[in-house]
Amino acid sequence: MKAIWKGYLETSLILKITVALVLGVTAGLIFGKDASVLTPLGDVLLKLLKFVILPLILFTLIVGVNQTNVSSLGRMGGKMFLYYVLTSALAIIVGIAVASLFNPGTGMTLDTDESFEVPENPGIVSVLLNIIPENIVTAFSEFNLLGIIFTALTFGIAISWLRSSEQFHEMGEHVYKLAQGLNEAVLVIMKAVLQYVPIGIFAIMANTVGNQGLDTLVSLGNMVLVLYAAIAVQIGLYILFMIFFKISPGRFFKQARTPMITAFVTQSSSGTLPLTLDAAKNLGLSKSLYGFSLPLGATINMDGAAIRIAVSAVFAANVIGEPLTLTEMLVVVLIGTLASIGTAGVPGAGIVMIATVFAQLGLPMETVALLTAIDALVGMGATALNVTGDLVGTAIIDKTEKDEARSV
């Protein structure tokens with residue numbers, strides 16, 4: 001037993017995850033809905049990942065802020081936000097282009113008995129106001145990532161000021177060392193959690209495949225295939241971006257594949273955050289950058305969701321026999337980009353975004369109900385792309401910052 005456990009620990013994480021993925025799909029296909037008995041094992045993984053997210057963000061950011069200056073932080077933040085907006089818009093354009101090429105939904109009939117209650121879209125203003133929490137305890141208890149980032153940045157800057165102050169220098173150093181120690185402690189916990197990831201992935205995958213089955217995939221297979229084709233094109237563009245900025249795609253994906261697969265299975269960008277932060281660390285990216293860019297990206301950067309909006313809009317228009325005009329496509333790009341930021345952190349955010357765009361274009365909400373049947377299948381690919389986009393953006397901005405530092 002001891003030898004088996006030792007062998008498990010020494011096996012590479014990506015191999016363990018790959019095996020778990022294959023076994024999970026197999027179990028789901030064999031046992032069908034009976035595979036839901038494994039649900040608790042998957043829930044444990046999600047709980048463990050969420051358990052380490054808050055201290056990981058808090059201490060990583062505090063330590064990261066104290067390794068740079070405030071002006072650099074502001075410059076990096078500006079670059080990051082610009083990247084998020086541009087890649088979200090690009091993702092929607094890719095989605096429209098690929099979907100227009102294959103025309104999913106053509107020839108399908110709409111079941112008018114289907115209905116779907118659309119959750120309220122909080123809008124961009126509400127999301128921005130949510131950055132500043134009413135109190136720290138609420139931000140942590142409600143899992144408000146933007147509020148936690150704001151809290152960590154505020155305390156990080158305050159500790160940095162204490163360290164640079166003659167009067168409070170010694171006190172500031174003590175607090176900073178405490179934050180460093182707690183950050184290292186969280187990383188030790190993170191290493192232990194990583195050993196459970198394959199087990200959780202096996203359970204989640206078996207449950208998802210068991211509940212979705214092949215019937216749903218076959219009935220709306222064209223839509224699913226088109227969406228994954230668009231995701232593949234977007235990843236191809238990421239690779240071109242990395243080549244342009246002289247970043248090795250091979251080295252990048254060697255580290256990124258673990259959070260990508262985990263995001264694919266769990267369908268949670270924020271839940272995958274500990275693994276994404278770990279990948280950024282292994283890539284040698286600046287802690288002061290990835291400490292805030294990745295939590296922020298997990299909340300507002302939704303390239304996968306943006307592609308989903310575009311493909312869904314083309315699909316819905318084809319179902320009712322009224323393909324999108326060029327003007328309507330431009331509306332999808334504009335509204336979809338804003339919606340992908342404005343619905344951040346909302347449960348079922350993908351469906352909320354789609355419903356928001358459909359309302360603007362006058363597309364029938366019955367098609368939203370139709371799309372919920374494949375929500376899990378498309379959500380997996382979209383979430384994996386969201387996480388990939390966050391890491392690519394962080395790697396590119398890290399490269400530009402280091403190039404600028406060398407040129408000075």
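1. Glu401 and Arg75 form a salt bridge, with their closest N and O atoms 2.6 Å apart. The term stands for a side-chain nitrogen of Lys or Arg within 4 Å of a carboxyl oxygen of Asp or Glu. The two partners come from distant parts of the chain: Glu401 belongs to helix H18 (residues 375-407) and Arg75 to helix H4 (residues 70-102), 326 residues apart. Helices here are DSSP runs of H or I with at least four residues, strands are runs of E with at least two, and the numbering starts at the N terminus.

2. This is a predicted model, in which local features need pLDDT of at least 70 and side-chain atom pairs count only at pLDDT 80 or more, while totals for chains, interfaces and linings use all residues. Residues are numbered from 1 along each chain as its sequence is written, and side-chain values use heavy atoms, with hydrogens and water left out.

3. Are the partners in this bridge buried or exposed, or something in between? Glu401 is buried, because its relative accessible area is 12%; Arg75 is partly exposed, at 36%. Buried means under 20% relative accessible area, exposed means over 50%, and partly exposed lies in between (1.4 Å probe, protein chains only).

4. The whole structure has five salt bridges. Lys402 is partly exposed at 34%, whereas Asp398 is buried at 4%.

5. Asp403 and Lys399 also form a salt bridge, at 3.2 Å from N to O. About one helical turn separates this pair too, because the residues are four apart in helix H18. Asp403 is partly exposed, with a relative accessible area of 32%, and Lys399 is buried, with 18%. Salt bridges with shared partners join Arg75, Lys79 and Glu401 into one network.

6. The largest nonpolar core has 92 residues, and Ile57, Phe252 and Leu391 are among those with the most contacts inside it. Such a core is a set of buried Ala, Val, Leu, Ile, Met, Phe, Trp, Tyr and Cys residues joined through side-chain atoms within 4.5 Å. Apart from this core lies another, of 19 residues, including Val52 and Met380. Leaving out residues up to four places away in sequence, Leu391 touches Phe252, Ala256 and Leu294, among others. A contact means heavy atoms within 4.5 Å.

7. There are four aromatic pairs. Trp161 and Phe168 have ring centres 6.2 Å apart and planes at 40 degrees, so their pair is tilted. The rule takes rings of Phe, Tyr and Trp (its six-membered ring) with centres within 6.5 Å; planes under 30 degrees apart are stacked, over 60 edge-to-face, and the rest tilted. Trp161 is exposed at 53%, and Phe168 is partly exposed at 26%. Phe252 and Phe253 make an edge-to-face pair, 5.1 Å between centres and 90 degrees between planes. Both of these Phe residues are buried.

8. For the protein chain as a whole, the secondary structure comes to 18 helices and zero strands. Of its 408 residues, 52% count as buried. Among contacts with a separation of 6 or more, 83% are between residues 24 or more positions apart.
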